[in-house]
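Dear colleague,

Please find the structure below, followed by an account of what was found in it. I would be grateful if you would read the two side by side.

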Amino acid sequence: MRKFSFIKICFGLMFLWIISISNTLAFGNFQPTTIKKNYLKNEVVVDFTIMGSSIATQEQCVTYLLKRNPLPLLTTTPKQLVEYYYQEAGLEGIRPDLAFAQALHETGNFRYGGDVIPLQNNYCGLGTTGNGVKGAWFPSAQIGVRAQIQHLLAYTTTRPPALSIVDPRYNLVKSTDKFGQSLTWTDLNGKWAVPGKTYGQMILKIHEKILMEE
């Protein structure tokens with residue numbers, strides 16, 4: 001069994017290496033994965049960069065959502081929403097499938113239930129601080145997605161967004177020492193969400209399930 005597990009790990013690392021080469025060619029010096037070894041638990045943890053190309057397909061994203069919530073509370077269709085993620089994130093060089101996984105985490109698979117309501121088109125809790133504070137409102141689903149992507153951009157790079165800024169908190173991040181400092185999703189721990197010690201890991205776990213089509 002140990003030998004079999006070792007072979008599985010080797011194939012997994014080879015797969016990630018292939019992804020790394022292809023994405024590096026597409027996105028310059030951005031390394032798409034950080035492979036971390038936890039020697040206490042003898043396990044390999046893969047942390048993807050925020051910037052890079054998609055790994056999951058749009059169809060996998062839609063399927064994952066509808067398996068968990070056949071009636072998501074959206075102002076557009078699930079298919080169209082996923083298309084917006086791939087358009088908006090692709091324009092900025094952000095991984096669209098992981099940005100969508102973040103939205104799934106933030107909204108409870110678009111069931112909501114917290115301070116934010118579906119009509120806000122706010123898929124990542126922008127501007128909400130709890131205690132009934134609803135946060136930002138956006139005029140359409142696409143603009144809501146664009147704001148989330150721009151907010152991710154603020155954390156991971158200092159270059160400005162390609163389109164006019166619609167994220168109401170972009171300049172707030174820009175004025176802090178967090179601006180452009182998060183390379184990977186786990187780098188968002190304690191930054192995007194506070195204390196958020198496992199914030200990035202929860203997004204990565206959802207993304208893993210999207211890929212595995214669970």
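**The nonpolar core**

The largest nonpolar core has 50 residues, and those that touch the most other members are L81, Y85, F100, F110, Y123, L152 and W185. A nonpolar core here is a set of buried Ala, Val, Leu, Ile, Met, Phe, Trp, Tyr and Cys residues joined through side-chain atoms within 4.5 Å; buried means under 20% relative accessible area, exposed over 50%, and partly exposed in between, with a 1.4 Å probe and protein chains only. At least two residues of this core come from each of α2 (58-68), α3 (78-92), α4 (96-107), α5, α6 and α7 (199-212). The largest share, nine residues, is supplied by α5. In soluble globular proteins, nonpolar side chains tend to be buried together.

The model is predicted: local features need pLDDT of at least 70 and side-chain atom pairs count only at pLDDT 80 or more, whereas totals for chains, interfaces and linings use all residues. Residues are numbered from 1 along each chain as its sequence is written, and side-chain values use heavy atoms, with hydrogens and water left out.

**Overall organisation**

The chain has seven helices and two strands, arranged along the sequence as α-β-β-α-α-α-α-α-α. Helices (H or I, at least four residues) and strands (E, at least two) are DSSP runs, numbered from the N terminus. Of the 214 residues of the chain, 43% count as buried. Among contacts (heavy atoms within 4.5 Å) between residues at least 6 apart in sequence, 55% join residues at least 24 apart.

**Helix α3**

Helix α3 has 15 residues, and from its first C-alpha to its last it reaches 21 Å, close to the 21 Å expected at 1.5 Å a residue. The expected span is 1.5 Å times one less than the number of residues in the helix. The buried residues in α3 are P78, L81, V82, Y84, Y85, Y86, E88, A89 and E92, and what covers them includes α2, α4 and α5. Just after the helix, G93 takes a positive phi of about 80 degrees.

Leaving out residues up to four places away in sequence, Y85 touches G90, P96, A99, F100, A103, Y123, V145, Q148 and I149.

**Aromatic pairs**

Five aromatic pairs are found in a search of the whole structure. In the pair formed by F110 and Y123, the ring centres are 5.8 Å apart and the planes stand at 80 degrees, so the pair is edge-to-face. Rings of Phe, Tyr and Trp (its six-membered ring) pair if their centres lie within 6.5 Å; planes under 30 degrees apart count as stacked, over 60 as edge-to-face and the rest as tilted. Both F110 and Y123 are buried. Ring pairs also link Y85, F100, F110 and Y123 into a cluster.

**Salt bridges**

How many salt bridges does a search of the whole structure find? There are four, a salt bridge being a side-chain nitrogen of Lys or Arg within 4 Å of a carboxyl oxygen of Asp or Glu.

- E83 and K79 meet through their side chains at 2.7 Å, N to O. The two residues are four apart in helix α3, and are therefore separated by about one helical turn. K79 is exposed, with a relative accessible area of 53%.
- E88 pairs with R146, the closest N and O atoms being 2.9 Å apart. This pair links distant parts of the chain, with E88 in helix α3 and R146 in helix α5, 58 residues apart. Both E88 and R146 are buried.
- K205 pairs with E208, with 3.8 Å between the closest N and O atoms. These residues lie three apart in helix α7, and so are separated by about one helical turn. K205 is partly exposed, at a relative accessible area of 43%, and E208 is also partly exposed, at 40%.

**T157**

T157 is found in the loop between α5 (141-156) and α6 (170-174). Its relative accessibility is 12%, so T157 counts as buried. A polar atom of the T157 side chain lies 3.3 Å from the backbone nitrogen of R159. Leaving aside neighbours within four places in sequence, T157 is in contact with M51, F179 and G180.

Yours sincerely

Note on methods
A polar contact is a pair of N or O atoms within 3.5 Å; within protein, one must be able to donate a hydrogen and the other to accept it, and residues adjacent in sequence count only if both atoms are side-chain atoms.
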